[in-house]
Amino acid sequence: MFAFLMKTSPRRTKILARMGLTPNDSRALSALDVTAGRTMRSLADEWGCDASNATWIVDRLEKRGLVERRSKPGDRRVKLVVLTTAGVKTRQRLIEGMYEAPAELLLFPRARLEALRKSLPDARDDRGS
């Protein structure tokens with residue numbers, strides 16, 4: 001799996017570049033939604049980085065209109081990060097691009113693809129299926 005991921009990495013990099021995103025931007029878009037806001041601390045903990053790095057990533061996305069900071073109900077001192085409508089659309093386009101099968105995978109016989117799919121039952125499918 002690792003060798004395959006490394007071999008197909010340039011394809012994912014091109015998808016991100018086409019959208020003007022970095023790998024960290026894509027991780028942020030995947031971690032956020034429109035209703036359940038996340039604190040910088042919770043994002044930094046999930047991403048395994050310093051809170052200042054999480055702030056830098058969120059700042060980049062906020063400048064592009066993909067996320068916004070909102071005050072936490074009941075505690076205006078705490079800011080929650082949520083996706084904007086543009087952020088939801090961008091995340092959807094990103095997911096669609098990433099789920100498009102790489103040419104290398106399309107060369108596999110169908111039986112091999114089915115066996116691979118069945119061997120990864122816990123793999124998360126962000127498309128909701």
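Which residues does T90 touch, not counting residues up to four places away in sequence? T90 touches M19, L21, L29 and L66. This briefing describes a predicted model. The protein has eight helices and two strands, and buried residues make up 28% of its 129 residues.

**Overall build**

- Counted from the N terminus, the elements of the protein follow the order α-α-α-α-α-β-β-α-α-α.
- Taken along the principal axes, the box filled by the C-alpha atoms is roughly 55 × 30 × 25 Å.
- Among contacts with a separation of 6 or more, 56% are between residues 24 or more positions apart.
- The protein exposes about 8800 Å², and carbon and sulfur atoms supply 56% of that area.

**Helices α2 and α6**

- Helix α2 covers residues 9–19, and helix α6 covers residues 85–99.
- The axes of α2 and α6 come within 10 Å and cross at roughly 155°.
- Because angles over 145 degrees count as roughly antiparallel, α2 is roughly antiparallel to α6.
- The crossing of these two helices, α2 and α6, is right-handed.
- On the α2 side, the contact involves R11, R12, I15, L16 and M19; on the α6 side, it involves T90, R93, L94, G97 and M98.
- Sorted by type, the residues of the contact of α2 with α6 are five nonpolar, two polar and three charged.

**Helices α3 and α4**

- Helix α3 spans residues 23–31 and helix α4 spans residues 40–47.
- Their axes come within 11 Å and cross at roughly 120°.
- That angle makes α3 oblique to α4.
- The crossing in which α3 passes α4 is right-handed.
- From α3, residues R27, A28 and A31 meet L43, E46 and W47 of α4.
- The contact of α3 with α4 has four nonpolar residues, no polar ones and two charged ones.

**Helices α3 and α5**

- Helix α5 is made up of residues 51–63, and α3 packs with α5 at an angle of about 80°.
- The axes of α3 and α5 are 10 Å apart.
- Angles of 65 to 115 degrees count as roughly perpendicular, and α3 and α5 are therefore roughly perpendicular to each other.
- The α3 residues in this contact are N24, D25, A28 and L29, and the α5 residues are I57, R60 and L61.
- By type, the residues of the contact of α3 with α5 divide into four nonpolar, one polar and two charged.
- A28 of α3 takes part in the contact with α4 and also in the contact with α5.

- T90 lies in helix α6 and is part of the contact of α6 with α2.
- Is T90 buried or exposed? T90 counts as buried, because its relative accessibility is 6% and the limit for buried is under 20%.
- The partners of T90 include M19, a residue of α2 that is also in the contact of α2 with α6.
- T84 is placed in the loop between β2 (75–83) and α6.
- With a relative accessible area of 15%, T84 is buried.
- Leaving out residues up to four places away in sequence, T84 touches V34, G65, L66, V67 and E68.

**T22 in the loop between α2 and α3**

- T22 sits in the loop that lies between α2 and α3.
- At 26% relative accessibility, T22 counts as partly exposed.
- Not counting residues up to four places away in sequence, T22 touches L16 and R60.
- T22 and I57 are 35 residues apart along the chain, and their C-alpha atoms are separated by 9.4 Å.

**L105 in helix α7**

- L105 is found in helix α7, which covers residues 103–106.
- L105 and F4 are 101 residues apart in sequence, while the distance in space is 9.0 Å, C-alpha to C-alpha.
- With residues up to four places away in sequence left out, L105 touches F4, L113 and L116.

Technical notes. Residues are numbered from 1 along each chain as its sequence is written. This is a predicted model: local features need pLDDT of at least 70, side-chain atom pairs count only at pLDDT 80 or more; totals for chains, interfaces and linings use all residues. Side-chain values use heavy atoms; hydrogens and water are left out. Helices (H or I, at least four residues) and strands (E, at least two) are DSSP runs, numbered from the N terminus. Buried means under 20% relative accessible area, exposed over 50%, partly exposed in between (1.4 Å probe, protein chains only). Contact means heavy atoms within 4.5 Å. Axes are lines fitted to C-alpha atoms, for helices over the stretch in contact, and angles run from 0 to 180 degrees between N-to-C directions. Angles under 35 degrees count as roughly parallel, over 145 as roughly antiparallel, 65 to 115 as roughly perpendicular and the rest as oblique. A crossing is left-handed if the near helix is turned anticlockwise from the far one by less than a right angle, and right-handed if clockwise. Ala, Val, Leu, Ile, Met, Phe, Trp, Tyr, Cys and Pro count as nonpolar, Asp, Glu, Lys and Arg as charged, and the others, Gly among them, as polar. Accessible areas come from the Shrake-Rupley method with a 1.4 Å probe; for residues, only the protein chains shown count as cover.
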